[in-house]
Structure formats: structure tokens, C-alpha cells
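Hi,

Here is the structure I promised to pass on. Have a look, then read my notes below.

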Amino acid sequence: MYLERLKLYNFRNYSSLDITLDKKMNIIIGDNGQGKTNLLEAMYFLSRGKSFRNPNRDLIKMECEKGVVEGFFERKNIKDSARIIMENSDLSEKTTVLINNKKLKTKNELPSRFLIVDFTPEDLNIVKDGPDKRRRFIDNELLNIKPVHGSILKDYNKILRQRNELLKNLQKDPTLKKTIHVWDDQLVDYGSKLIINRIIFLQKLNRIAKEIHLNLSGNLEELKLFYFSNLIKSNSDIEKLGVVFKERLEENFDNDLKKGYTSIGPHLDDIKININELDAKTYGSQGQKRTCALSLKLSQTQIIKDETGEDAIVLLDDVMSELDLRRQKKLLENFKNHQVVITSTEINFINELQTETKKIYTIKGGNLI
């Protein structure tokens, strides 16, 4: 699929913008702070209903009460339009999502309808950052092929906050303990679904990322991924996950009560990444860690292709300068069938682009020049 046209009104530093994109390669050039990333952010926003950076209320141009992002997509010769209207007043914030001018009840339909994979310099730190970065990576990419995962994650986090609040209140009023089972049952239900979704997705990711990593490393390194959970000690635990989760909550209740928060569950899980049987986070070089991160992100486009038969739109936000020439070439080779939008402060890498068509845009102060 591809994004044919993007229109912005009072979005970030753009008062108004109407841009037509090439079906294959689009390069956005400009100095820092001119609005390059904001442009990619708007495209991502159309596929999620949320930003990859800040809360939605910060997306509306300063001192404005309304902002609009609109995109026109084509997928298998079917044309779709998406329009997101943001309104912000002193009393409330409101976001309205329309597909083909019909209002959606929920934005959960967006990820599977508008297939977008984004790469940012922060993504190159997936390996060396904390577990929350890797959990967020898995959960975000799952949305492309399993939109309901977003609702499960949202419900789990809501129940988790309520259980943690109850634990704090229990320190003052022990009689509230009789209500803990209500939150435990719901936490187990949503948490088990969350873990199973992640494990199934990781199995696909493992297979595809392994092949990509072998290619990127010149057949020198084997990548393996493992799901690390404080609930699972064996395969049999997965088969009876709900029972195990409930038992562990009961066993850890006194400890949770002292701490005032829930100390087990998928909100603390991690993805272990090995290169040639060694922990990449501990023993990998900077180059190896970046190659691992690239392999994980590149895998998403293949998984989406396998699941939907479509090539996702690829957003590359200033990642080219972070990579050496060999990795730049390998990265771009993977996207020859995709629509790609690249932001950069320089144009040296453009000579390496082997593509028949490309458009180059220059952004300055939120305007095309």
C-alpha cells in the first residue's frame, strides 16, 4: 500500500500543508527543528490515532484549538481516506477519527487498515535500553497484525493501576482485602492473553529476524530471541498460564502489600536477545546491537507482508546518519518494494539509492520550499 497525499492543518509547526508523495521513495531534507519528524509523525498518527512521541494534546499547533491530519491511501487498487480531527479547549480534549468520511467508534481499526512501520534513532537502542523499550516494541508491532491486542493491553494496564491503588489503600484499611480477588481475576484474564499474544508473535519474529540478521552480518552471527517472564518457568506453565498467574499473585500478596504495587505479571516481562548464544545487551558491540535492532525492525515489514499480502509504508526518521554505508545499503535493499519516506539533514546517502523514481522535498519552518 502507499500514501498518495497528506494534508495538515495546525499540526505541530505546520499551519497548512498539502503534499503529494511518490509511490516508492520520498526524501525529506531540512535542518533540525524545521518539521521533518513532524511530517512522519503525522503519517504515523493516521495509522494509530496517537503520536510516537508526545500526548495527542501537544500535536495541535500552539495557541490553536483545532488541528487536522488527513491522508489518502491506496491498497490493492482500493482507495481509502483517513481524517483525524483534534479539538482542544480549556474544558476538554476531543479526537474524532473518520474513514472515508464515516466516523469510527474506536481507533483500533486504524493499525490493520493503514500499514505503517517506523524507524527512529531511538529504535537502534532496543537492545541496550531497558525491558520497557522491548515490551513497547513488541506491543506496538503486534497492533499491525492483531489490532485487538491494543484493547487487551489497555484493559490490563487499567486493571493493574486499580489493583496497585487498592494495595496502597489496604495499608490504611485492611478490610478492603475482600475485594482483591475481583482485580486479581481480571488481571489474570487480560494478562494471560497479553503474554500468549506476545509469545506467538515472538515465534514469528524469531524465524524472520534470524534470516535478516544473518544477511546483515554477512552470515557471521546467529540471532535468537527468548521471551522472559517471571511467571513462566517451563512449557507446562504456558499451558496452564491462568492458574499459574493466579497462584503467583496469591503467593506474592504480602510482598505486594508492603511495596504498594504488583510485583509480577507481563508489565515486567522482557525479551532476551542472543548473538551466537551470548547476551547481546551484555556482550554485543555497538555495531552488533544496532544490527540486532535493525533486524527486529526490518522483520516487521516481512511479518506484515506474510499476514496481509501488502507491503507496509516505511518511515525512516533520521536513521541513515546513524548507520555506516554498508548498513545503509542493506537497509534500503530491504525496502525496494515499499513506499519509503526518509528524513535527513544531509543528502549524501541519496547517491546510494537504487530506485527508478524518487521525490526530494525540502522543509523549512514548517513549509515546503
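**Strands and hairpin**

Strands β5 (residues 78–88) and β6 (residues 93–99) run antiparallel and are joined by seven bridges. Please keep in mind that this is a predicted model. Within that pairing, Ile84 has Val97 of β6 as its bridge partner.

β6 also pairs with β7 (residues 102–103). Those two strands are antiparallel as well, with two bridges between them. Leu98 stands opposite Lys103 of β7. Together β6 and β7 make a hairpin, with two residues between the strands. Asn100 sits in that turn and has a positive phi of about 50°.

**Other positive phi values**

Most residues other than glycine have a negative phi. Two further residues are worth a look here.

- Asn276 is not a glycine, yet its phi is positive, at about 50°. Asn276 is in the loop that links β10 (270–275) to β11 (278–279). Its relative accessible area is 39%, so Asn276 counts as partly exposed.
- Asp318 is not a glycine either, and its phi is positive at about 55°. Asp318 belongs to the loop between β12 (313–317) and α11. With a relative accessible area of 22%, Asp318 is partly exposed.

**Nonpolar cores**

The largest nonpolar core has 94 residues. Leu6, Leu39, Phe119, Leu316 and Leu331 have the most contacts inside it. Helix α5 (residues 180–216) supplies the largest share of this core, twelve residues. Another core lies apart from it and has five residues, including Leu167, Leu170, Ile180 and Phe253.

What does Leu39 touch, leaving out residues up to four places away in sequence? The list is Leu6, Leu8, Tyr14, Leu17, Ile19, Ile28 and Ile363.

**A glutamine in a loop**

Gln339 lies between α11 (325–333) and β13 (340–344), in the loop. Is Gln339 buried or exposed? Its relative accessibility is 2%, and buried means under 20%, so Gln339 counts as buried.

A polar atom of the Gln339 side chain lies 2.8 Å from the backbone oxygen of Asp22. Asp22 is also among the residues that Gln339 touches, not counting those up to four places away in sequence. Others on that list include Met1, Tyr2, Leu3, Leu21, Lys23 and Lys24. Ala312, Ile313 and Val314 are there too.

Best wishes

Key
Residues numbered from 1 in each chain as written. Predicted model: local features only at pLDDT ≥ 70, side-chain atom pairs only at ≥ 80, totals over all residues. Heavy atoms only, no water. Helix = DSSP H or I, 4+ residues; strand = E, 2+ residues; numbered from the N terminus. Buried < 20%, exposed > 50% of the residue type's maximum accessible area, 1.4 Å probe, protein only. Polar contact = N/O pair within 3.5 Å; in protein donor to acceptor, adjacent residues only side chain to side chain. Contact = heavy atoms within 4.5 Å. Pairing = 2+ DSSP bridges. Core = buried A, V, L, I, M, F, W, Y, C linked by side-chain atoms within 4.5 Å.
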